[in-house]
Amino acid sequence: GRVSAVTGFLLSDYVQVWHRTWGLCLHEKNGNYLEIPSHHVLDEYLAEYIEAAGIAGDRDLPLLRAATPDRNLSEEPLKQTHVFRMIRRRAAHVGIAPDRICCHCFRATGITIYLRNWGDLATAQTIAGHASINTTRQFYDHTDNAVLNQEIERIRV
C-alpha cells in the first residue's frame with residue numbers, strides 16, 4: 001500500500017476474511033478503499049507486534065503508532081515523515097545511501113517482484129490501487145527489460 005494508507009491503518013482494518021485468512025482494508029488516496037488478503041509472513045509479524053505492544057483491545061486506534069520520548073507507544077499514528085526517517089536510518093545502517101531510498105521504493109519493489117514472478121498485470125493493478133492498468137505497466141512492469149537483457153547477453157564478442 002501507499003505510505004499514507006499504511007500510516008492511517010487502524011487495528012480494526014486488519015480483519016479475518018476467511019476461516020484462517022486475514023486481510024487488509026486500506027484507505028487509499030481519493031477516498032478509495034482496497035481490501036486485499038495479507039501475506040502469511042505479514043500475519044506472523046503483525047501477531048507478534050500486536051501481542052508485544054499489548055494493543056489487541058485497541059481496535060479503533062492506529063496499528064502503527066508513534067513512540068513517546070520514553071520509547072513507549074502513544075495513541076497517535078506514525079506520520080509519513082516518521083516512516084521516511086526510519087527508512088533512511090535503516091538504509092544508512094546497512095550501507096545504502098539514504099538519498100537513494102524512499103517510502104515508495106518498498107511499494108515499487110513489491111509490485112515489481114510480483115510481476116517478475118509471473119504475476120498478472122491486472123492483479124498488480126488491483127493490488128496497487130491504480131485506476132488504469134497503463135499506470136501499473138508504465139511504472140512497475142519491467143519484465144520486458146529482463147527479456148531484453150537476456151537477449152543482449154546472447155551476443156558473444
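The axes of helix 5 and helix 6 (residues 133-140) cross at roughly 95 degrees and come within 9 Å. The model is predicted: local features need pLDDT of at least 70, side-chain atom pairs count only at pLDDT 80 or more, and totals for chains, interfaces and linings use all residues. Residues are numbered from 1 along each chain as its sequence is written, and side-chain values use heavy atoms, with hydrogens and water left out.

**Exercise 1.** Classify the arrangement of helix 5 and helix 6, and list the residues of their contact.

*Solution.* Helices are DSSP runs of H or I with at least four residues, and strands are runs of E with at least two, numbered from the N terminus. Axes are lines fitted to C-alpha atoms, for helices over the stretch in contact, and angles run from 0 to 180 degrees between N-to-C directions. Angles under 35 degrees count as roughly parallel, over 145 as roughly antiparallel, 65 to 115 as roughly perpendicular and the rest as oblique. At roughly 95 degrees, helix 5 is therefore roughly perpendicular to helix 6. Helix 5 contributes Leu121, Ala122, Ala124 and Gln125 to the contact, and helix 6 contributes Ile133, Thr136 and Arg137; contact means heavy atoms within 4.5 Å.

**Exercise 2.** Describe how helix 4 packs with helix 5.

*Solution.* The two axes of helix 4 and helix 5 lie 10 Å apart, at an angle of about 160 degrees. Helix 4 is therefore roughly antiparallel to helix 5. On the helix 4 side, Arg107, Ile111, Tyr114 and Leu115 meet Leu121, Thr123, Ala124, Ile127 and Ala128 of helix 5. By class, these residues divide into 7 nonpolar, 1 polar and 1 charged. Here Ala, Val, Leu, Ile, Met, Phe, Trp, Tyr, Cys and Pro count as nonpolar, Asp, Glu, Lys and Arg as charged, and the others, Gly among them, as polar.

**Exercise 3.** Which helix gives the most to the lining of the largest pocket?

*Solution.* A pocket is an open set of points on a 1 Å grid over the protein atoms alone, where a 1.4 Å probe fits, with protein on both sides within 12 Å along at least five of seven lines; lining residues have an atom within 4 Å of a point. The lining of the largest pocket comprises 34 residues, with Gly1, Val6, Leu24, Leu42 and Phe106 nearest its centre. Helix 4 gives the most, with 7 residues. By class, the lining has 24 nonpolar, 7 polar and 3 charged residues.
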